[in-house]
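Hi,

Here is the structure I promised to pass on. Could you open it next to this email and read along?

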Amino acid sequence: PASTARTAHGGLAVGGVGLAEVAERFGTPVYVLDEGEVRERCRNYREALPEADVLYAAKAFLCRAMVRWVHEEGLGLDVCSAGELESAVMAGFPPERIVLHGNAKSPRDLGTALRLGVGRIVIDSPSEIARIAAAVGPEGRQKVMVRVVPGISAGGHDKIRTGTEGQKFGLSLTDGSALHAVARILSQPRLELTGLHCHIGSQITEVKPYLTALRRMVGLMARIRDSHGRILPELDLGGGHGIAYRPGEPALDLTTLAPRLRSTLTESCAAARMPVPRLAVEPGRAVVGPAGVALYRVLAVKHTGDTVFVAVDGGMSDNPRPALYEARYAPRLIGRSSTAARRTATVVGRHCEAGDVLAAGVELPGDTRPGDLIAVPVAGAYHLSMASGYNMVGRPPVVAVHEGTARLLVRRETPEDLRRRDIGA
Ligand code: LLP
C-alpha cells in the first residue's frame, strides 16, 4: 500500500495514524481501512478508463462509508443479493448505477431489484428470463445483460476461476446456450437487452486473459448482430484484477490493462464492422484490498518441534482466505522495534481447529511474545465480507484512518449481537 509510513516510535502508520494507537484505542482484532487509498484507487480507475463504467464489486467489502466513497469518486456498483443492494441504496447510492448479479437470484433479490429500480440485471441462466419478465409486470421494462462463459481459464485459485464451463456461472459461448438465451430475451417485450457480461475469475495478474475474453465477446456480439440484426451497446468484462498480497508479488497493472483493452476493443470492433460498445469493468479486490490492514494481538507463543506457533486473537473467522484458497500473507510485528534475529514462524488463530492458520512459514523476530501486535497487510477485500460467527468470537470492527485521524465505521460484534437471533424456543 502506497500510504504506509513509519512513525516516530518505529511503528507503522496508515493514513497518518499509528497502527499501534488504533489497536490501543479500538482493541484487537481490528480491520483498519485507509480512506485515502480507497479513494485514490477509485480515481486511478476513473482516470485509466474515463470512457468506461467502473463498477465496484460490493462483495469485496461493503459498509455505508464505503458506499459513499465509491459514489463520490464516480464509480457504479455491482451487487449480488437483495442485502447488498438494499445496503447500498439505503446508504444513498443511486439504484440506476447498480448492476445485480447472481447465479441463483431469490424472489426477494429480484423483487428488491425491480422495486428499487436497479440499472441492470445480469441473467445467468435460461430459467431467469421468464421469471424476470413476469416480475416486471405489464407496465415496466427492465434492462438486462447476459453473463457469458467465454472459455478462458484464469484466476488465483480453482475456486475463483469462472471463465470456463464446468463451474456454475454463466451461459456457454461455445455450446450456443448464450446465443440461445439472447434470442429468448430479445423476444420478451418486458426485457431490454443492453449487452453482454463476463467475469472470468478473480486474482488475475495478467492482461492477456482479458484481451482474449474481450475478442471472444465482440465475436459473439457480431454473431448476435448477424442473426438478430441487433447491435448491443454495452460490454461488461467483470472484475478479477489481481493485487500483490506480499512484497514482490505481481499485481495486474491498470496502466497496462486500460490502453490494451481500449486498442483491442477498437481493433476487434473494426474487424467485425461493429460500433464500439460502452465498456464496463467490476473491480472489487483491486479497489479495497490493499487499503486494509488487519491488526491482531499475540496471545500465545509455542515451540513445537521445529515450529514456532504465534497464536493471535483472531483467525479463520475474520480471514477465511488461507483456509479456502491457500492465500498467502506477510504478517509483521508492529508497535515495538526488535533487534532479535528473525525466525520462521506460523501465525495461527484462536479457533478450535488445526486448519486455522493465518500464515505459515513467515519470518518474525525471534523474541515475538504475548502482548505483541501483528499487522496483516492487504486485508481490505473478502475479509470482513466473508467473516463468520465461528466459535462465537464476534467479527472485528472497521476503523477508517484518514489525514491523521481514526474513526469507527463498523463496531465490533458483541456476544449480545451473536445471541440476539437465538430466541431460545
Ligand atoms: N464481478 C463479478 C460478477 C464477480 O463475481 C466478482 C467476484 C467481481 C466482479 C469482483 O472480483 P474481484 O475484482 O474482487 O476479484 N472470495 C474470493 C473472491 C471471490 C470473487 C467472487 N466474484 C477471494 O477472497 O479471493
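I'll start with the ligand. The shell around it divides into nine nonpolar, nine polar and five charged residues. Here Ala, Val, Leu, Ile, Met, Phe, Trp, Tyr, Cys and Pro count as nonpolar, Asp, Glu, Lys and Arg as charged, and the others, Gly among them, as polar. Of the 23 residues around the ligand, Ala-57, Ser-202, Gly-239, Gly-284 and Tyr-382 come nearest; a residue is near a molecule if its C-beta atom, placed from the backbone, lies within 6 Å of it. Helix H10 (285-288) and helix H11 (321-325) are the elements that give two or more residues to this shell. Helices (H or I, at least four residues) and strands (E, at least two) are DSSP runs, numbered from the N terminus.

Before going on, a word on what you are looking at. This is a predicted model, in which local features need pLDDT of at least 70 and side-chain atom pairs count only at pLDDT 80 or more, while totals for chains, interfaces and linings use all residues. Residues are numbered from 1 along each chain as its sequence is written.

Now the domains. The assignment gives domain 1 (5-32 + 290-420) and domain 2 (35-288); such bounds come from an automatic or database domain assignment. The shell around the ligand draws at least three residues from each of the two. The C-alpha centres of domain 1 and domain 2 lie 33 Å apart. Their contact takes 22 residues from domain 1 and 22 residues from domain 2, where two residues are in contact if their C-beta atoms, placed from the backbone, lie within 7 Å. On the domain 1 side, H11, strand E20 (398-402) and strand E21 (405-410) each give two or more residues, and E20 has the largest share, with three residues. That side divides into 15 nonpolar, five polar and two charged residues.

As for the protein chain as a whole, there are twelve helices and 21 strands. The C-alpha atoms fill a box of roughly 70 × 55 × 40 Å along the principal axes. Buried residues make up 46% of the 425. A residue is buried if 20 or more other C-beta atoms lie within 10 Å of its own, exposed if 12 or fewer, and partly exposed in between, with C-beta atoms placed from the backbone. Among contacts between residues at least 6 apart in sequence, 69% join residues at least 24 apart.

Helix H6 (residues 127-136) is worth a look. Which of its residues are buried? They are Glu-128, Ile-129, Ile-132 and Ala-133. Seen down the axis of H6, these fall within an arc of 130°, so they line one face of the helix; the arc is that of the directions from the helix axis to the C-beta atoms. They pack against helix H5 (107-116), strand E8 (120-123), strand E9 (142-149), helix H7 (177-186) and strand E11 (191-197). The face turned away from the buried side carries the exposed residues Ser-127 and Ala-134. After H6 comes Gly-137, with a positive phi near 85°.

Further along, Arg-141 lies in the loop between H6 and E9. With 13 other C-beta atoms within 10 Å, Arg-141 is partly exposed. Neighbours within four places in sequence aside, Arg-141 is in contact with Val-136, Arg-190 and Glu-192.

Finally, some backbone details. Most residues other than glycine have a negative phi, and most peptide bonds are trans. Against that background, the bond from Thr-28 to Pro-29 is cis, with omega near -10°, and Pro-29 sits in the loop between helix H1 (19-26) and strand E4 (30-34). Gln-203, in the loop between E11 and helix H8 (208-228), has a positive phi of about 60° and is buried, with 24 other C-beta atoms within 10 Å. Met-392 also has a positive phi, near 50°, but counts as exposed, with 11 C-beta neighbours inside 10 Å. Met-392 lies in the loop between strand E19 (373-377) and E20.
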